[in-house]
Amino acid sequence: MQDSTFIKRVILKNYKSIAACDVQLQPLTFLVGRNGSGKSNFLDALRFVSDALNYSLEHAIRDRGGYNGIRRQVRRRPNNLSIRLNFVLTDGSSGYYAFRFKFAPGKHFEVQNEVCHVQNKQSCISDAYYRVESGIVKDSSVKVTPAATKDRLYLVNVSGLPEFQPVYDAFSRMEFYNLNPEKIRDPQVPDSGNILNRNGSNITSVFANLSQPVKTRVEEYLGIVTPGIREVKVKILGNRETIVFLQKVADGDYVWKYYANDMSDGTLRALGILVALFQDNPDVENRIKLVGIEEPELALHPASAGVLLDALQDAAHRTQVIITSHSPDLLDNKDIDIESILAVEAHDGTTAIAPVDDACRSVIKDKLFTTGELLRLDQLQPDPASVAAAAKTKPFILSDKKNENSNKPKNMEWN
């Protein structure tokens with residue numbers, strides 16, 4: 001599979017049910033675990049970053065019920081939260097972006113530390129970096145820097161600078177989906193159709209704007225999920241739009257027109273998933289860098305699992321894909337790369353996320369069992385050593401000790 005990976009590594013501390021997490025991501029990553037194990041919290045942490053950059057940090061916190069809705073859910077709640085994301089940009093540059101903020105009584109918060117480092121692919125170009133502490137720019141590769149504040153992410157402030165604009169653009173172009181068949185079924189108000197809404201409520205506009213080759217690809221996959229579907233169209237109904245399905249229902253070539261309100265939840269969800277995966281932009285720089293989908297197998301017949309997996313793998317050639325799932329049918333394939341599986345488990349309300357343990361890894365690599373078969377047996381467990389190591393991982397280290405032998409900016413450590 002072509003490496004479309006944008007986010008290579010994720011480190012979380014004290015985010016919702018996740019006390020500590022340090023995992024590597026693949027072009028296609030499956031978060032696998034029981035209901036309520038915390039799979040959605042991992043995806044939401046990434047969406048939190050996107051929301052904070054696209055809107056504001058305050059909006060992202062408020063949208064999740066305030067800071068008590070995002071910090072670790074234990075009796076003695078910690079007063080800090082941190083996120084670190086290691087990335088690779090389209091031009092091959094790499095680096096990491098990390099921030100930590102603390103909470104204070106009275107529903108106040110403060111961005112305690114924020115660090116960004118971009119290592120350019122071309123050795124002749126200097127690295128770009130900054131470090132901000134409590135609203136003060138402590139170190140930066142940029143001679144003249146914008147002002148910082150305690151209640152906003154500094155990456156927004158420097159997003160107009162060429163050194164950091166690609167980082168801002170990439171993280172703000174992550175999209176996450178929990179598709180709602182009712183929203184897809186309802187007649188929709190036309191919009192620009194650039195990006196599919198999280199619940200699918202503008203799918204008519206997005207589908208209408210797809211290139212013809214992408215529409216054909218979506219129709220081909222959908223025709224396997226729901227046999228007989230030949231074509232999908234958008235029909236204007238006054239000042240609204242709806243999806244129309246052309247489906248062969250009898251012998252011969254005659255097809256019937258079915259409006260979205262006549263179709264099953266499974267068909268509508270399948271269409272939403274396919275559009276979310278394949279929504280295209282001819283400009284590579286402006287494409288969605290990562291797509292996250294909650295339980296794409298919901299409302300689909302088990303026999304559709306194979307084509308759904310094919311679509312996910314197909315889409316991951318262009319865009320990084322992360323899905324949550326507890327479907328053995330979807331994972332019932334011996335060709336699934338074990339490195340793409342992250343096992344998720346919860347004990348006493350605390351989520352553990354890690355690669356599968358050595359025993360599972362061995363039997364899957366030897367093709368004695370599929371991931372789906374282990375899931376049915378409730379034997380898909382996160383590796384204990386990886387879980388323990390994540391608890392000791394520091395998202396970033398700030399130190400007063402200067403490393404004279406390093407060409408990296410002082411007071412900053414990258415790993």
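The model is predicted. Strand β14 (residues 320–325) pairs in parallel with β3 and with β13, while β5 pairs in the antiparallel sense with β4 and with β6. The salt bridges come to 17, and the structure holds zero disulfides.

- In strand β14 (residues 320–325), six of six residues are buried.
- Q320, I322 and T324 point one way from β14, whereas V321, I323 and S325 point the other way, and all are buried.
- Strand β3 (residues 28–33) runs parallel to β14 and is joined to it by five bridges; in this pairing, F30 stands opposite I323.
- Strand β13 (residues 290–294) is likewise parallel to β14, with five bridges between them; here L290 has Q320 as its bridge partner.
- A right-handed β-α-β unit is made by β13, helix α9 (residues 305–315) and β14.

- Nine bridges connect strand β4 (residues 80–88) with strand β5 (residues 94–104), and the two run antiparallel.
- The bridge partner of I83 in β5 is F99.
- Five residues separate β4 and β5 in a hairpin, and G92 in the turn has a positive phi of about 95 degrees.
- Strand β6 (residues 108–119) is antiparallel to β5 and is joined to it by eleven bridges; G95 stands opposite V118 of β6.

**Salt bridges**

- D44 and K16 form a salt bridge in which the closest N and O atoms are 3.0 Å apart. This pair links distant parts of the chain, 28 residues apart: D44 is in helix α1 (residues 39–54), and K16 is in the loop between β1 (7–15) and β2 (18–24). Both D44 and K16 are buried.
- R185 and D265 meet through their side chains in a salt bridge of 2.7 Å, N to O. Because R185 lies in helix α5 (residues 181–185) and D265 in helix α8 (residues 265–278), the pair ties together parts that are 80 residues apart in sequence. R185 counts as buried at 12% relative accessibility, whereas D265 is partly exposed at 36%.
- D332 and R376 also meet in a salt bridge, at 3.2 Å from N to O. D332 lies in the loop between β14 and β15 (341–347) and R376 in helix α11 (residues 371–376), so this contact ties together parts 44 residues apart in sequence. D332 is partly exposed, with a relative accessible area of 33%, and R376 is partly exposed as well, with 43%.

**Cysteines**

- C21 counts as buried at 0% relative accessibility, and C360 counts as buried at 5%.

- V249, Y254 and W256 make a nonpolar surface patch of about 340 Å².
- V249 is placed in the loop between β11 (240–248) and β12 (255–259) and is partly exposed, with a relative accessible area of 41%.

How values were computed. Residues numbered from 1 in each chain as written. Predicted model: local features only at pLDDT ≥ 70, side-chain atom pairs only at ≥ 80, totals over all residues. Heavy atoms only, no water. Buried < 20%, exposed > 50% of the residue type's maximum accessible area, 1.4 Å probe, protein only. Helix = DSSP H or I, 4+ residues; strand = E, 2+ residues; numbered from the N terminus. Pairing = 2+ DSSP bridges. Right-handed = clockwise from strand over helix to strand, strands pointing away. Patch = residues over 30% accessible without salt bridge, like charges linked within 9 Å, V, L, I, M, F, W, Y side chains within 5 Å. Areas by Shrake-Rupley, 256 points an atom, 1.4 Å probe, with all protein chains shown as cover. Salt bridge = Lys/Arg side-chain N within 4 Å of Asp/Glu carboxyl O. Disulfide = S-S within 2.5 Å.
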